[in-house]
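Let's take a walk through this model together. Have the sequence and the 3D view open side by side, and follow along as we go.

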Amino acid sequence: MEEQLTPNTQAAAHMADGGGALPPLTVAPVAPASPLIKQDTGLKGLSGWVSDQGLSDALTAWQGQTKRLMGRLQLELNGLHGTKNVFQSQGTTIGAQVAAVRLPSSFDGM
C-alpha cells in the first residue's frame, strides 16, 4: 500500500491538474510542481460555454472524491500498521512463554 497504491492513487488524483493527462506512475516520489507555474485544467477558453460550468463542477467533484479516497486509504494503512504491531507483540509474548516452558528430561533428578 505504501509503495504502490497510495502514490499511484495520489498521481491519479492530480489528473485534473494537468489537463487530463495521467502522469506516469512511478514508485519514486515526484518533486512538487513549482508554485510559479499555473496548472492547466483544460478549462481556459471555455468561459461562456455551458460545458465550462459542467467541467468545473466535475473537477470539483473529482477533487472531493480523491481527497476522501486518500483519507480512507490513510485510515486503512494506519489500521494495517496497528494490526502488524498487535501481531508482533503477541508473537513476542507467546515466544517468550514457549521458551520459558521446559519439558521434563530423563536427566532430571540425577
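**Starting from one threonine**

Leaving aside residues up to four places away in sequence, threonine 6 touches Met1 and Met70, where a contact means heavy atoms within 4.5 Å. Before going further, a word on what you're looking at: this is a predicted model, so local features need pLDDT of at least 70 and side-chain atom pairs count only at pLDDT 80 or more, while totals for chains, interfaces and linings use all residues. Residues are numbered from 1 along each chain as its sequence is written, and side-chain values use heavy atoms, with hydrogens and water left out.

Back to our threonine. Threonine 6 sits in helix 1; helices here are DSSP runs of H or I with at least four residues, strands are E runs of at least two, and both are numbered from the N terminus. Threonine 6 counts as buried because its relative accessibility is 17%. The cut-offs are under 20% relative accessible area for buried, over 50% for exposed, and partly exposed in between, using a 1.4 Å probe and protein chains only.

So how is the chain built overall? The secondary structure comes to 2 helices and 0 strands. Helix 1 covers residues 5–13, and its buried residues are Thr6, Asn8, Thr9, Ala11 and Ala13. What do they pack against? The buried residues of helix 1 pack against helix 2.

Helix 2 runs over residues 50–100, and its 51 residues reach 76 Å from the first C-alpha to the last. That is close to the 75 Å expected at 1.5 Å a residue, a span worked out as 1.5 Å times one less than the number of residues. Leu59, Thr66, Met70, Leu73 and Leu77 are the buried residues of helix 2, and they pack against helix 1.

Alanine 12 counts as partly exposed because its relative accessibility is 25%. Across the chain, residues 24 or more positions apart account for 48% of the contacts with a separation of 6 or more.

Buried residues make up 13% of the 110 residues, and the accessible surface comes to about 8900 Å², with 64% of it belonging to carbon and sulfur atoms. These areas come from the Shrake-Rupley method with a 1.4 Å probe; for residues, only the protein chains shown count as cover. Met1, Leu5 and Leu80 make a nonpolar surface patch of about 250 Å². Patches are made of residues with over 30% relative accessible area and no salt bridge, joining like charges within 9 Å and nonpolar side chains (Val, Leu, Ile, Met, Phe, Trp, Tyr) within 5 Å. Leucine 5 itself is partly exposed, at 41%.

Side chains of opposite charge can pair when their charged atoms come close. A search of the whole structure finds 1 salt bridge, meaning a side-chain nitrogen of Lys or Arg within 4 Å of a carboxyl oxygen of Asp or Glu. Arginine 72 and glutamate 76 form a salt bridge at 3.9 Å, N to O. Those two are about one helical turn apart because they are separated by 4 residues in helix 2. Arginine 72 is exposed at 56%, whereas glutamate 76 is partly exposed at 41%.

Finally, the confidence. The chain averages a pLDDT of 77, and 70% of the residues score at least 70; pLDDT is the predictor's confidence in each residue, from 0 to 100. Over residues 19–23 the pLDDT is below 50, and this stretch has 9 contacts in the model beyond near neighbours in sequence. Where pLDDT is low, the predicted coordinates should not be read in detail.
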